Amino acid sequence: MENYHLISDQLNALLTGEKNPITVLANASALVNQTVTNLNWVGFYLYDHEHDELYLGPFQGQVACMHIPLGHGVCGVAAKEVQPQVVPDVTQFPGYISCDAAAKSELVIPLTDKSGELFGVFDLDAPVKDRFDQQLVRTMKEVAQIISKVIDEPA
Ligand code: SME
């Protein structure tokens, strides 16, 4: 059992009062990457309303695809349905977009503002299958909520 209880506190302490969304996302990806073991990519895609697609935001990991149309790949499905996607085995996800051949499982959590409007997704890839158990998914949803709140209502 991994111990994640400090991530939310650390993230709140790190980000409270920060008003620049890019700064928030950059350090949030770094904190998750240095705290959660066994990940090969952590980062954000942001929603471009005009082109109805996601574009690459701050991340930690290998270079990644830069634009993802809504409904494509795990990120695009999470964004289109505004529903988290837990993928225990990426080879079983229809339309999966491979950026880093090391990725074997994936978690994508949509980010919404206080009106419920999509503004991006939080994407995590792991180099092993079944990485995202219930506890880790719950913790990453908390992380996503903190990030959304800080971006939406900077203190
Ligand atoms: N695998 C993702 C693409 C983004 S990378 O994982 C960084 C997808 O299928 O949407």
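Helix α3 (residues 73-81) lies across strands β1, β2, β3, β4, β5 and β6 (118-126) and runs at about 30° to β5. Helices (H or I, at least four residues) and strands (E, at least two) are DSSP runs, numbered from the N terminus; axes are lines fitted to C-alpha atoms, for helices over the stretch in contact (heavy atoms within 4.5 Å), with angles from 0 to 180 degrees between N-to-C directions. The model is predicted, with local features requiring pLDDT of at least 70 and side-chain atom pairs counted only at pLDDT 80 or more, while totals for chains, interfaces and linings use all residues. Residues are numbered from 1 along each chain as its sequence is written, and side-chain values use heavy atoms, without hydrogens and water.

The six strands form an open sheet in the order β3-β2-β1-β6-β5-β4, with antiparallel pairing; two strands pair if DSSP finds at least two bridges between them. The edge strands, β3 (67-69) and β4 (85-87), each pair on one side only. Three bridges join β4 to the antiparallel strand β5 (residues 105-112), and Val 87 stands opposite Glu 106 in β5.

Three aromatic pairs were found in the whole structure. Rings of Phe, Tyr and Trp (its six-membered ring) pair if their centres lie within 6.5 Å; planes under 30 degrees apart count as stacked, over 60 as edge-to-face and the rest as tilted. Trp 41 and Phe 59 are stacked, at 5.1 Å centre to centre and 15° between the planes. Trp 41 lies in β1 (residues 41-48) and Phe 59 in β2 (residues 53-61), so the pair ties together parts 18 residues apart in sequence. Ring pairs link Trp 41, Tyr 45 and Phe 59 into a cluster.
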